[in-house]
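Dear colleague,

I am passing this structure on to you, and below it you will find my notes on what was found. Please keep the structure open while you read, so that each part can be looked up as it is named.

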Amino acid sequence: MGRAFEYRKAAKMKRWGHMARTFTKIGKQIAIAVKAGGPEPENNPTLRAIIANAKRENMPKDNIERAIKNAMGKDQSEYKVVTYEGYGPHGVAIFVDTLTDNTTRTVGDVRSVFNKFNGNLGTSGSLSFLFDHKSVFTFKKKDGLEMDELILDLIDYGVEDEFDEDEETNEITIYGAPTSFGEIQKHLEAEGFEVTGAEFTYIPNDLKEVSDEERETIEKMVERLEDFDDVQTVYTNMK
């Protein structure tokens with residue numbers, strides 16, 4: 001899981017490189033959460049999780065409140081969660097998570113990048129065997145917390161028995177099944193933990209070795225994909 005943590009941390013730093021694009025993407029997530037569960041964070045656990053992520057990314061409070069207000073408007077577009085997957089150059093597997101109100105536009109944008117870099121866009125689910133889909137929670141560690149006891153407690157809620165600890169930020173990161181997202185979040189909040197991040201992620205279970213030159217090409221492709229506002233996150237199995 002240490003490898004998974006380092007991968008997730010590196011991917012996170014990469015994909016949140018540009019602040020304006022970050023806020024746009026979080027705004028779309030807020031729109032979906034508000035439409036699904038209402039504008040009140042105390043009654044909408046998904047919205048609470050997104051707000052925690054927004055604060056973690058230093059999104060101003062005014063921006064968050066404006067995104068919630070806009071999501072309540074009658075003329076707001078309906079966003080869909082769509083995942084595209086395929087192989088990039090040098091046989092590297094690529095997952096592209098998107099939030100879009102126009103799938104024709106989005107698939108065209110994604111396909112254009114795959115074509116430009118001599119990749120192949122596959123069918124949905126064709127690369128699922130290469131990645132583990134997980135829910136990930138980060139929270140502040142309490143004084144005197146016994147992690148072994150906490151993990152034993154959380155296992156009943158779908159959490160894995162491995163965790164990562166960041167001593168610099170005094171934060172714990174745990175992993176669980178995607179279907180257990182709501183239960184894990186609810187239990188952490190009920191136990192009084194300060195949740196600072198909650199998200200879904202894809203962690204590669206088989207990393208592919210690449211040369212420095214090949215890595216540069218893949219990184220350029222990922223950056224090009226991330227330039228699209230519809231694209232939320234790009235995952236690869238590049239080591």
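**Helices H2 and H4**

In this predicted model, the residues Phe23, Gly27, Ile30, Ala31, Val34 and Lys35 of helix H2 meet Asn63, Ile64, Ala67, Ile68 and Ala71 of helix H4. The two helices, H2 and H4, pack with their axes 8 Å apart and at an angle of about 45°, and H2 and H4 are therefore described as oblique to each other. The crossing in which H2 passes H4 is right-handed.

Helix H2 itself covers residues 19-37, which makes 19 residues, and from its first C-alpha to its last it reaches 27 Å, close to the 27 Å expected at 1.5 Å a residue. A number of its residues are buried, among them Arg21, Lys25 and Lys28, as well as Phe23, Ile26 and Ile30. Just after H2 comes Gly38, which takes a positive phi of about 95°.

**Helix H3 and Asn53**

Helix H3 has twelve residues and reaches 17 Å from its first C-alpha to its last, which is close to the 16 Å expected at 1.5 Å a residue. In H3 the buried residues are Leu47, Ala49, Ile50, Ile51, Ala52, Asn53 and Ala54, and the buried residues of this helix pack against H2, H4, helix H7 (181-190) and strand S7 (195-204). H3 is followed by Asn58, whose phi is positive and near 65°.

Why does Asn53 count as buried? Its relative accessibility is 13%, and buried means under 20%, so Asn53 falls within that class. Asn53 lies in helix H3, which spans residues 45-56. Which residues is Asn53 in contact with, once its neighbours within four places in sequence are left aside? They are Thr196, Gly197, Ala198 and Glu199. Asn53 and Ile26 are 27 residues apart in sequence, while their C-alpha atoms are 8.4 Å apart in space.

**The sheet and the helices on it**

Four strands form an open sheet in the order S3-S1-S2-S8, and their pairing is antiparallel. Strand S3 (120-121) and strand S8 stand at the edges with a single partner strand each, so one side of each is left without a neighbour in the sheet. Strand S1 (residues 80-87) pairs with S3 in the antiparallel sense over two bridges, and Tyr87 has Asn120 in S3 as its bridge partner. Helix H5 (residues 103-116) packs on the sheet, where it touches S1, S2 and S3, and its direction makes about 20° with that of S1.

Helix H8 lies across S2 and S8 and runs at about 160° to S8. Although S8 is an edge strand of the sheet, six of its six residues are buried, so S8 is largely enclosed by the rest of the structure.

With best wishes

Technical notes:
Residues numbered from 1 in each chain as written. Predicted model: local features only at pLDDT ≥ 70, side-chain atom pairs only at ≥ 80, totals over all residues. Heavy atoms only, no water. Buried < 20%, exposed > 50% of the residue type's maximum accessible area, 1.4 Å probe, protein only. Contact = heavy atoms within 4.5 Å. Expected span 1.5 Å × (residues − 1). Pairing = 2+ DSSP bridges. Axes fitted to C-alpha atoms, helices over the stretch in contact; angles between N-to-C directions. Parallel < 35°, antiparallel > 145°, perpendicular 65-115°, else oblique. Left-handed = near helix turned anticlockwise from the far one by under 90°.
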